[in-house]
Amino acid sequence: MLVEARRHGVEYSVDHQEDRFLILTNDGAHDFKLVAAPIHRPGREAWEELVPERSGVRLNAVDVHIGHVVLGQRSDGLQRLEVLNSATGDLQVVDQPDSAYTAFAGSNPVYDSSVMRFFYTSLNAPWSTVDYDMNTRERTIVKEQPVPGGYNRADYVTDRLWATSADGTRVPMSIVYRKGLKSDGTNPAVLYGYGAYELPSDPMFDAARLSLLDRGFVFAIAHVRGGGEMGRQWYEDGKFLCKTNTFDDFIACAVELIDRGYTNPRQLAIRGRSAGGLLIGAVVNARPDLFACAIAQVPFVDALTTMLDESIPLTVNEYEEWGNPNDPEFYEYMKSYSPYDNVHRANYPSMLVMAGLNDPRVPFWEPAKWVAKLRSMTLSARPIILKTDLGSGHSGPSGRYQSWREEAFVSAFMVDQLQAS
């Protein structure tokens with residue numbers, strides 16, 4: 001059966017509920033909407049709008065039950081769940097205990113059940129599996145990630161902050177730290193960012209982070225434009241000829257942490273991976289005075305040269321994210337922010353740059369030549385270290401223990417450098 005003929009730029013997914021189809025689509029809705037259609041006449045002309053497009057709310061997923069529809073959505077920089085009552089049309093957000101969190105539906109194979117199972121986590125809440133009664137709104141935790149060592153989430157505080165970027169845009173930030181932290185500007189801090197491909201950097205629990213938090217660190221995620229945290233427009237405002245918004249947002253988040261007394265420039269480390277490494281490279285060029293330490297893992301830092309080389313397998317596909325530098329307008333814009341091309345004489349922070357010898361996405365010579373140029377141009381005596389893993393690719397070392405060793409190395413570098421600042 002043909003539901004609706006394919007059209008360029010239009011996406012839709014179809015689910016079945018009783019005597020109708022439920023269709024999630026971006027047809028006339030930038031951030032998607034939910035419509036219903038009778039089974040015998042499912043085409044566009046018969047669509048009935050159930051959940052219209054809403055400004056700043058990106059609908060991502062649908063899970064259908066006999067009496068309810070569970071919607072996965074993003075708004076205010078959070079991955080949220082909503083429940084639509086099929087009989088009344090009432091729509092309600094599933095309340096969660098933290099101000100910054102991640103929640104998404106799990107497997108719900110029993111169609112006629114009023115209980116929806118979902119997964120939940122936050123920066124201080126280990127992953128949990130929750131059964132949620134959509135009639136009574138009662139929640140039951142059926143499983144929780146064990147954390148060895150006597151972990152108590154009440155010992156840690158998580159919060160949501162907002163920074164104001166250069167163009168006035170409000171940028172969300174998720175933050176966690178150990179309870180009792182003083183906002184006197186003396187704390188070491190790590191600010192993480194990505195901001196590309198509409199991929200969100202959701203606040204999630206990570207036991208490896210506890211070592212830093214217990215040493216008095218603040219950990220923050222900057223949900224910058226280019227990611228998917230705030231809807232499709234948030235992504236589009238951080239790509240192509242708007243890419244520098246990503247960097248302005250990250251700098252604004254760093255300034256906000258400092259202004260609120262969480263840290264200071266001599267105690268602030270920043271971290272990013274892949275396209276997030278490009279972010280790190282761009283902001284240390286723009287504001288080397290703002291950071292004491294930078295971690296760039298498999299960083300896409302020679303962007304202009306790479307995007308000009310069509311013989312590299314991924315280059316042409318990447319035109320959809322960065323633009324085609326064979327177009328003079330894109331060439332000049334990309335040249336204005338490409339980290340390698342904009343290294344200059346400055347007091348650069350301590351830097352740990354990590355590459356993988358077998359990386360097919362960011363070849364090892366990109367971070368290598370960037371480090372060489374940084375070393376030749378920096379005016380500071382701070383270390384700029386290149387660490388190339390001879391057995392790994394773009395995603396880092398294989399295996400649990402190797403990954404932990406890499407994380408321990410990164411953490412040790414940050415602790416060492418911020419203590420020395």
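Modeller: Two strands pair if DSSP finds at least two bridges between them. The strands themselves are DSSP runs of E with at least two residues, and helices are runs of H or I with at least four, numbered from the N terminus. This is a predicted model, in which local features need pLDDT of at least 70 and side-chain atom pairs count only at 80 or more, while totals for chains, interfaces and linings use all residues. Residues are numbered from 1 along each chain as its sequence is written, and side-chain values use heavy atoms, with hydrogens and water left out.

Biologist: In what sheet do they sit, and what makes β13 and β20 its edge strands?

Modeller: The sheet is open and has 8 strands in the order β13-β14-β16-β15-β17-β18-β19-β20, with mixed pairing. β13 (156-164) and β20 (384-389) each pair on one side only. From one strand to the next, the twist averages 20°.

Biologist: How do you know how α3 and α4 are oriented to each other?

Modeller: Two packed helices are described by the angle between their axes and the distance between the axes. Axes are lines fitted to C-alpha atoms, for helices over the stretch in contact, and angles run from 0 to 180 degrees between N-to-C directions. The axes of α3 (residues 244-259) and α4 come within 10 Å and cross at roughly 70°. Angles under 35 degrees count as roughly parallel, over 145 as roughly antiparallel, 65 to 115 as roughly perpendicular and the rest as oblique. α3 and α4 are therefore roughly perpendicular to each other.

Biologist: Which residues make that contact?

Modeller: With contact meaning heavy atoms within 4.5 Å, α3 contributes Thr246, Phe247, Phe250 and Ile251, and α4 contributes Leu278, Leu279, Ile280, Ala282, Val283 and Ala286.

Biologist: Where else does α4 lie?

Modeller: Helix α4 (residues 275-286) lies across β15, β17 (268-273), β18 (293-297) and β19 (350-356), at about 140° to β17.

Biologist: Why is Ala100 called buried?

Modeller: Buried means under 20% relative accessible area, exposed over 50%, and partly exposed in between, with a 1.4 Å probe and protein chains only. Ala100 has 0%, so Ala100 is buried. This residue is in the loop between β8 (91-93) and β9 (101-105).

Biologist: What does Ala100 touch?

Modeller: Leaving out residues up to four places away in sequence, Ala100 touches Leu78, Ser122, Thr158, Asp159, Arg160, Ser174 and Pro203. Asp159 is 59 residues from Ala100 in sequence, yet 6.0 Å away, C-alpha to C-alpha.
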